[in-house]
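Here is my notebook from an afternoon with one model.

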Amino acid sequence: QVQLVESGGGLVQAGGSLRLSCAASGHIFSTYAMGWFRQAPGKEREFVASIPWRGGSADYGDSVKGRFTIFTNSAKNTVYLQMNSLKPEDTAVYYCAARRMGLSTYDYWGQGTQVTVSS
């Protein structure tokens, strides 16, 4: 069993920054990948970023490339999403998730944290 708890969301003005945290409990295998997704009202869930739990090469959704950075601290069992140059369209509930590398589906999900970007 893996439990994921997001934190760090809040209200920020356009152009500002936030750092989201995802605290993981239970065993995370080195072959797992961590991901961030978001869902805005009335829209489908959107992929934001992913990275191997051990660290390394990250993937990003086109809408956040160059602005967001995902990274892990395995000693703290935490994955982060650094969000810079925020835009109003980044407003959404952000979810942390975990999956086996090589698989397409995420098996574990957090409860989400709200990010609101004002113009």
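**Aromatic rings**

I searched the whole structure for ring pairs and got 6 aromatic pairs. For a pair, I took rings of Phe, Tyr and Trp (its six-membered ring) with centres within 6.5 Å; planes under 30 degrees apart count as stacked, over 60 as edge-to-face and the rest as tilted. One of the pairs is F37 with W109, which is tilted, at 5.0 Å centre to centre and 50° between the planes. F37 lies in strand β4 and W109 in strand β10 (residues 108-109), so this pair ties together parts that are 72 residues apart in sequence. Strands here, as elsewhere in these notes, are DSSP runs (E, at least two residues), numbered from the N terminus.

A word on provenance: this is a predicted model, so I kept local features only at pLDDT of at least 70 and side-chain atom pairs only at pLDDT 80 or more, while totals for chains, interfaces and linings use all residues. Residues are numbered from 1 along each chain as its sequence is written, and side-chain values use heavy atoms, with hydrogens and water left out.

F37 is buried at 10% relative accessibility, whereas W109 is partly exposed at 30%. The rings of F71 and Y80 are stacked, because their centres are 4.9 Å apart and their planes meet at 20°. F71 is partly exposed with a relative accessible area of 27%, and Y80 is buried at 13%.

Ring pairs also link F37, F47, Y106 and W109 into a cluster.

**Around strand β4**

Is β4 largely enclosed or largely open? Of the 8 residues of β4 (residues 32-39), 7 are buried, so the strand is largely enclosed by the rest of the structure.

For pairing I asked that DSSP find at least two bridges between two strands. β4 pairs with β9 in the antiparallel sense over 8 bridges, and Q39 stands opposite V93 in β9. β4 is also joined by 6 bridges to strand β5 (residues 46-52), again antiparallel. On that side M34 stands opposite I51 in β5. β4 and β5 form a hairpin with 6 residues between them, and G42 in the turn has a positive phi of about 75°.

**The disulfide**

I looked for cysteine sulfur atoms within 2.5 Å of each other, the cut-off for a disulfide, and found 1 in the whole structure. It joins C22 to C96, with S to S at 2.1 Å. C22 lies in strand β3 (residues 18-25) and C96 in strand β9 (residues 92-100), so the pair ties together parts that are 74 residues apart in sequence. The torsion about the S-S bond of C22 and C96 is about -80°, so the disulfide is left-handed. C22 is buried at 0% relative accessibility, and C96 is buried at 0% as well.

**The sheet with β3**

β3 took me to an open sheet of 4 strands in the order β1-β3-β8-β7, with antiparallel pairing. β1 (3-7) and β7 (68-73) stand at the edges with a single partner strand each, so one side of each is left without a neighbour in the sheet. Between β3 and strand β8 (residues 78-83) I noted 6 bridges, and A23 stands opposite T78 in β8.

**Salt bridges**

My last search was for a side-chain nitrogen of Lys or Arg within 4 Å of a carboxyl oxygen of Asp or Glu, and the count comes to 4 salt bridges. E46 and R38 meet at 2.8 Å, N to O; E46 is partly exposed at 30%, but R38 is buried at 4%.

R67 and D90 meet in a salt bridge at 2.7 Å, N to O. This pair links distant parts of the chain, with R67 in the loop between β6 (59-60) and β7 and D90 in the loop between β8 and β9, 23 residues apart. Buried or exposed? R67 is buried at 10%, and D90 is buried at 1%. R38, E46, R67 and D90 are linked in a network of salt bridges.

D62 forms a salt bridge with K65, with the closest N and O atoms 3.0 Å apart, and D62 is exposed at 67%.

How values were computed
Buried < 20%, exposed > 50% of the residue type's maximum accessible area, 1.4 Å probe, protein only.
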